[in-house]
Amino acid sequence: MTPTNPTDECVMLSHGGGGELMSRLIREHLLPPLRNERLAPLADGAVLPRLEGEIVFTTDSYVVTPLEFPGGDIGRLAVAGTVNDLAVMGAEPVAMSLGLILEEGLPLALLDRIVASIAGTAKEAGVEIVTGDTKVIERRAAGAGASASDGLFINTSGVGCLRPGVSLDLAGVRPGDAVIVNGTIADHGLAVMSLRSGIEFDTELRSDAAPLNHLLARVFETGANVRFLRDATRGGIAGVLADISEGTDLSIEVEERRIPISPTARHASEMLGLDPLTVANEGKVVCVVAESDVDTVLSVMRRDPLGKSAACIGHVTDSEPALVELITSAGGRRIVQRPYGEELPRIC
Amino acid sequence: MSEKIEALRGELGTLCERIGRRVQIMEVCGTHTMSIFRTGIRSMLPANLRLVSGPGCPVCVTAQRHIDAAIRLAARDGVIMATYGDMMQVPGRDGSLEKRRATGARIQVINSARSALNLARENVNRQVVLLAVGFETTAPATAATVLEAERDGVENFSVLMCHKLVMPAMLALLEAGDVPLDGFLCPGHVSVIIGADAYRPVVERYGKACVVAGFEPEQILAGLVHLLRQIAEQRVAVENVYPAVVGAQGNLVALELLNRVFVPADTFWRALGVIPRSGLDLLPAYSRFDALRRFEIELGEDEDHPGCRCGEVIQGKVDPDACALFAQECTPLTPIGPCMVSNEGTCAAWYKYNRPAAATARSSSRRVKQ
């Protein structure tokens, strides 16, 4: 039976049954936007061409409420996240898989928007989605406040080729190295949290979700001595800096006034009682580079729309004990640690 | 560092020298505590100016019996417990709301009292209980929500009253006299509601300096300078260095809301015990919105971990590192006392932003895949 009003159409359990409905879901809703040579046969797997050099393989799953938010949606997150995991490993992304878990009741119009966003982000990154899987699960007992639009989870895996001669390893980090971030921090986490909490700000907070592979390719092309890269997702730049300090047993000194942050994000984090250093980003990379290459890296980043606010925020030092220390805008000092568990907005 | 901050810092040093002894100031509010650590102000103070944190973190002072009641209520069939996020991890006698949510209890994190009422409107077949926590800052919103529920006849909405009042706690601390204090850095947010004049009894009865300040580094330093000036000049007064936001009389509309819906009542504070007229009960006209009454729940007793010194920390008697559990068994990952749970708790601030604690912590945490 075809529902009379197409806007009411939604995912049903039978869409996952492997029959005609499932086939139609894939052919009508997934394949057209994502179509490419390797995906089109809808075989059990994709055959990739012979790849040169060492191969990097990564996987990540995405669960976010709400599914759509200013600046992105779960689809953009899923593609950018996997592309960025490859890129910060020093790899050039080659191909991705897409696993969708849909909850019955998910509006097909919403699914269409998210698949279009997946396709658009993959195109932006220059990566093809070559294989996929779709499952439908029963509608969960709606949690308090849950709505039908909660029901979509994504897993993406990605394969990339390691750039020849690139070896990113914490072991290469030296005292005196510079720490660079490619733009304003905390935008993604604050955009999602303020949407969830219903708090509105004068200027809209937008997620920074974006694939960083082209930006990082340009950095590599300069031949700059890049020691280490990591995308600052959950845990924010605080988490990444703590990882670097812990992994190298070196200290990092960061200057608050050099850390790019938008006035709205600063205001929002104050209101919610959050430290912006610990808030998630989805299009920011922390780069450790040799001090002599700071200007080269910054100038190439600043020519890219995803790096126009890039800044050197601090340096690696050998002071003991090994800690991340922040020189605050007020002129004081405090340490920076990775956050614990879920960061929760405060009461008052 | 800005010139203004440099100047304030210089004046603090000069005043401390002039006073010529150790000065102890209590910052009452958890937001001040966190800001003092996060902005690095603590590292900028003269050695003989000591800041102690007071009982102004609403999470920290909520009694275990209230958490236990919330957990019991949340486990009831057909109940949705609506709570502010930072209450989720506070340990009760047996687990936390977060643990109960993981095992199926319906607990919804909300950001305002109003959204709890909306939750009730959206779930007419369920009982929505607002875990009403906080000081004079959040209590007016609870009052407004109760009035709205009454007006619109939202009968599946009720409130677990845990609100507390700041002034009675400050006066109780002074009355006990266990902590030598020279003055108070008074909370910016609470003062918006109660007004700067509310601190007069502290000055008049107990001879302690009171300065209301905002939360920016400059504002906090200015507050401290004003406090030290009073001490150096051997005078006491209520001063307000946050006049753009805080008035002498407070927010009359909010105070009127409190008076319309609530009545001051004795209440139990975590580790401080009962403080007379330091809490709020619903007036009889609204008592049908009282969750304890509606669900016939009796508050139990508090049973704190024997080693936990949060009670002394909340009163400014000891610093967190005096507690044997601090940064050992008790960390933000495995909080034992409420001061470690809250974002604005004193122990959490010490643990997160202070060097020595961090060094201890390093060995016990591991990185997670990004």
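Two strands count as paired here if DSSP finds at least two bridges between them. Keep that in mind as you open this predicted model and head for chain B.

**First stop: confidence.** Colour chain B by pLDDT: the average is 91, and 96% of the residues score at least 70. Now select residues 362-370 of chain B, where the pLDDT is below 50. Beyond near neighbours in sequence, this stretch has nine contacts in the model. For the complex, the predictor gives an ipTM of 0.79 and a pTM of 0.85.

**Second stop: the sheet.** Next, show strands S3, S4, S5 and S6 of chain B. In what order do the four strands of this open sheet lie? Reading across, you meet S4, then S3, then S5, then S6, with parallel pairing. The edges are S4 (107-110) and S6 (157-161) of chain B, each of which pairs on one side only. Turn the view and follow the twist, which averages 30° from one strand to the next.

Zoom in on S3 (residues 79-84) and S5 (residues 127-132) of chain B: the two run parallel and are joined by four bridges. Pick Ala82(B), and you will find its bridge partner in S5(B), Leu130(B).

Technical notes
Residues numbered from 1 in each chain as written. Chains lettered and ligands numbered in written order. Predicted model: local features only at pLDDT ≥ 70, side-chain atom pairs only at ≥ 80, totals over all residues. pLDDT = per-residue confidence, 0-100. Contact = placed C-beta atoms within 7 Å. Axes fitted to C-alpha atoms, helices over the stretch in contact; angles between N-to-C directions.
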